[in-house]
Amino acid sequence: MSSTTEAAPAKERTRSLYRGDPGMWSWVLHRITGVATFFFLFVHVLDTALVRVNPDTYDRVIETYKNPLVGLMELALVAMVLYHALNGVRVMLVDFWSKGPQYQRPMLWIIIAIWFVVMIPGAGRIFYNMFAGH
């Protein structure tokens with residue numbers, strides 16, 4: 001007696017377009033840093049406009065910014081703007097350089113390395129300003 005067993009059909013794995021590779025994360029970070037920078041600029045324009053409305057209010061608002069929490073936010077802003085700028089150069093190279101797509105992954109690691117090299121002294125300066133009372 002022969003038995004014919006039929007295997008269940010393999011369930012097709014539904015796959016997302018995004019697989020979590022570094023290129024996808026650089027794309028996500030580029031969008032997040034762009035939006036965050038836009039909102040910073042919006043708030044910056046509003047608080048700077050206070051100087052025309054009431055200089056005393058402007059001085060009080062600026063005085064509230066002199067605390068460690070705002071210093072950390074400033075550090076995050078510098079980190080975001082620096083990443084956004086460096087990654088923007090990489091995106092332009094990928095788009096306009098004929099060999100750009102071929103080298104996009106190494107260029108990502110290069111901009112991350114440059115980001116760290118520039119952020120370390122930048123963070124040191126911001127921390128110095130935060131704690132030295134400047």
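The model is predicted, with local features needing pLDDT of at least 70 and side-chain atom pairs counting only at pLDDT 80 or more, while totals for chains, interfaces and linings use all residues. Residues are numbered from 1 along each chain as its sequence is written, and side-chain values use heavy atoms, with hydrogens and water left out.

Helix packing comes first. Two packed helices are described by the angle between their axes and the distance between the axes. Helices here are DSSP runs (H or I, at least four residues), numbered from the N terminus; axes are lines fitted to C-alpha atoms over the stretch in contact, and angles run from 0 to 180 degrees between N-to-C directions. Helix 1 packs on helix 3 at about 130°, the two axes being 9 Å apart. The pair is therefore oblique, going by a scheme in which angles under 35 degrees are roughly parallel, over 145 roughly antiparallel, 65 to 115 roughly perpendicular and the rest oblique. Their crossing is left-handed, meaning that the near helix is turned anticlockwise from the far one by less than a right angle (clockwise would be right-handed). Contact is taken as heavy atoms within 4.5 Å. On the helix 1 side the contact includes Ser26, His30, Thr33 and Phe40, and on the helix 3 side Leu77, Met80, His84 and Arg90 are among the residues met. By class, this contact has seven nonpolar, eight polar and one charged residues, where Ala, Val, Leu, Ile, Met, Phe, Trp, Tyr, Cys and Pro count as nonpolar, Asp, Glu, Lys and Arg as charged, and the others, Gly among them, as polar.

Helix 1 also packs against helix 4, at an angle of about 55° with axes 10 Å apart, which makes this pair oblique. The crossing of helix 1 and helix 4 is left-handed. Here Pro22, Gly23 and Ser26 of helix 1 meet Arg105, Leu108 and Trp109 of helix 4, a set made up of three nonpolar, two polar and one charged.

As for helix 3 and helix 4, their axes come within 9 Å and cross at roughly 155°, so helix 3 runs roughly antiparallel to helix 4. This crossing is right-handed, and the contact divides into 21 nonpolar, three polar and two charged residues.

Now to the pockets. A pocket is an open set of points on a 1 Å grid over the protein atoms alone, where a 1.4 Å probe fits, with protein on both sides within 12 Å along at least five of seven lines; lining residues have an atom within 4 Å of a point. Grid points are joined across faces, edges and corners, and a volume is the space filled by probe spheres set on the points. The largest pocket holds about 670 Å³. Its lining has 21 residues, with Tyr65, Lys66, Val70, Gly71 and Glu74 nearest the centre. Helix 1 (22-53), helix 3 (68-96) and helix 4 (104-132) each give two or more residues to that lining, and helix 3 supplies the largest share, seven residues. The lining splits into twelve nonpolar, six polar and three charged.

The second largest pocket has a volume of about 230 Å³. Of its 14 lining residues, Gly23, Ser26, Arg90, Val94 and Gln104 lie nearest the centre. Helix 1, helix 3 and helix 4 are the elements giving this lining two or more residues, and by class the lining has four nonpolar, five polar and five charged residues.
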